[in-house]
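Subject: Structure handover

Hello,

Here is the structure you are taking over. My notes on it follow below.

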Amino acid sequence: MTDIQSLRNDFPILNKQLDGQPLCYLDSAATAQKPNKVIDVIKTFYQDENSNVHRGLHTLSENATVRYESARETIASFLNVETREIVWTSGATESLNLLAYGLSACFNSDSVIAISPFEHHANIVPWQEACQRTGATLLVLPMLDGVLDEQGAIALLKQHKPDVLAMGHVSNALGNIHPIESLISVCKAIGTITVIDGAQSLLHLRPDLKALDCDFYVFSAHKALGPTGVGGLYGKYQQLNALPVYKTGGEMIREVSFERSSYREAPGKFEPGTPNISGVIGFAAAIDYINEIDPSALQRYEQTLYHALLEKLKQIEGITVYGDTQNNVGVVSFNYKSEHHYDLATLLNTYGVAVRSGHHCTQPLMKMLKVNGTVRASLAFYNNQDDIEHFINALNATIELLD
Amino acid sequence: MNIEHITKKLSESHGWQAKYREIMLLGKQLPALPDALKVDSALVSGCDSKVWLYLDLDENAQQLVLIADSDTRIVKGLLAIIIAAYASKTPEQASQFNAYELFESLGLIAHLSPSRGNGIRAIVEQIQAKAELLK
């Protein structure tokens, strides 16, 4: 078994005291904490290596360019795809906007875009905008008791043969792992382009995109131990390169005259301007760090923690847990009786417990669950049994204050 | 409920849990708004929780009349403090009143920072703006 305590020591923030209490960080679905390796790489870059990429002939610029481009190789090999199939963006949100804009060039009033009911607003609104521009229709797959209705979804896909299926691998609000393998294979048979939002799955599931065989996959570095403000987009090369450019500017061009401009091939044509160099290098350091840890041991550990948390939570009378508790990356989304999630989270914070409360940028899902929000505790491998004890004790004390 | 009493109660509570307990008790004493008045047009925008606020002028006494409610206990308690602070003030007095100083003195300033998202700032700004119009 992996030594969790020694991994925890790699994350300096986990030793932090808040108001004299140890931090109990259960908000990794919002953003994961960063190991020293990532923090050090970013610091060293600005201290010793800072330079722009793809521009200079001088040593620093050469080195920065090599680091920046080798980071692309790092993430590509992590996802088991080709290096030229990775585009750097500011994160999953920008990647989805790039895709919705690019793919909508082929939409018309007969087009159908399918999404799941669990989607983050970032995977709803860009498609809604595309539908408004083109007259296409947004189709929402069905759900049963907080879990995707897989058979219903497959039937609906076969019936409507959408142009695009855009859905999350893992629900950010509930932690559900969706059966995307079966949906992708249905989509292949009916000619539907698949866009998978991997923001919540990259760290926990380490997907092999060649095996998944989706057309596009988007991700954010900060949910996977990396820095904020950087992320990426994977696309099967032919399809990626066929997308129209979304942002324009320097660096992405081949030739510019006042009459017309021509663009580089993907991924370059989607990366105008000076990129987030330190972010990309920091992200690669995060992937290097993850690569050092045995994935199956880590997944087993996360599942053990999750089920311990779930069991303890269910023992508290009046708690309602939402979502799929069988296939879950380690998120408990819950409410207590009719208490407001805001009060619960505010009081939990007084005990040093960091959770998220609210609609989790999934207002349509909350409406379907008939709640105005939930409290969400989300785990990562750097959490331990003490965190769970800490959280449950704080929750019991909170409930006592409220009752 | 008067503001001196609230200030005393809160200053006697040590630790955040005790403060929040006091705040929630203040909220409990605030009369609930009838459902008919919980309409979207009365919602204060910029709040994470729902806050309904009505503000008018008692023409005879030339004093502000405030009623408000929230769907969360803590924000409702904070509303009780705000109402106690502004009630019985003339519009002139209200527009000169510094709610931030009050929350600072109560040790609750964290609730006025924008990042808290609880909209106390939005509520105070709305009251100030309306008081300005009633002057």
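In this predicted model, helix 4 (residues 92-103) of chain A lies across strand 4, strand 9 (164-168), strand 10 (193-197), strand 11 and strand 12 of chain A. The helix runs at about 150 degrees to strand 11 of chain A.

Those strands belong to an open sheet of seven, with mixed pairing and the order 4-12-11-10-9-5-6 in chain A. Strand 4 (86-89) and strand 6 (137-140) of chain A are the edge strands, each pairing on one side only. From one strand to the next, the twist averages 20 degrees. Strand 11 (residues 216-220) and strand 12 (residues 231-235) of chain A run antiparallel and are joined by five bridges. Within this pair, Val218(A) stands opposite Leu233(A) of strand 12.

Of the 14 residues, 13 are buried. At the start of helix 3 of chain B, a side-chain oxygen of Thr72(B) comes within 3.1 Å of the backbone nitrogen of Val75(B). Just after the helix, Ser88(B) has a positive phi of about 70 degrees.

The other item in chain B is Leu37(B), in the loop between helix 2 (16-29) and strand 1 (51-58). Leaving aside residues up to four places away in sequence, Leu37(B) touches Ala42(B), Trp52(B), Tyr54(B) and Ile67(B).

Regards

Terms used. Residues numbered from 1 in each chain as written. Chains lettered and ligands numbered in written order. Predicted model: local features only at pLDDT ≥ 70, side-chain atom pairs only at ≥ 80, totals over all residues. Heavy atoms only, no water. Buried < 20%, exposed > 50% of the residue type's maximum accessible area, 1.4 Å probe, protein only. Helix = DSSP H or I, 4+ residues; strand = E, 2+ residues; numbered from the N terminus. Polar contact = N/O pair within 3.5 Å; in protein donor to acceptor, adjacent residues only side chain to side chain. Contact = heavy atoms within 4.5 Å. Pairing = 2+ DSSP bridges. Axes fitted to C-alpha atoms, helices over the stretch in contact; angles between N-to-C directions.
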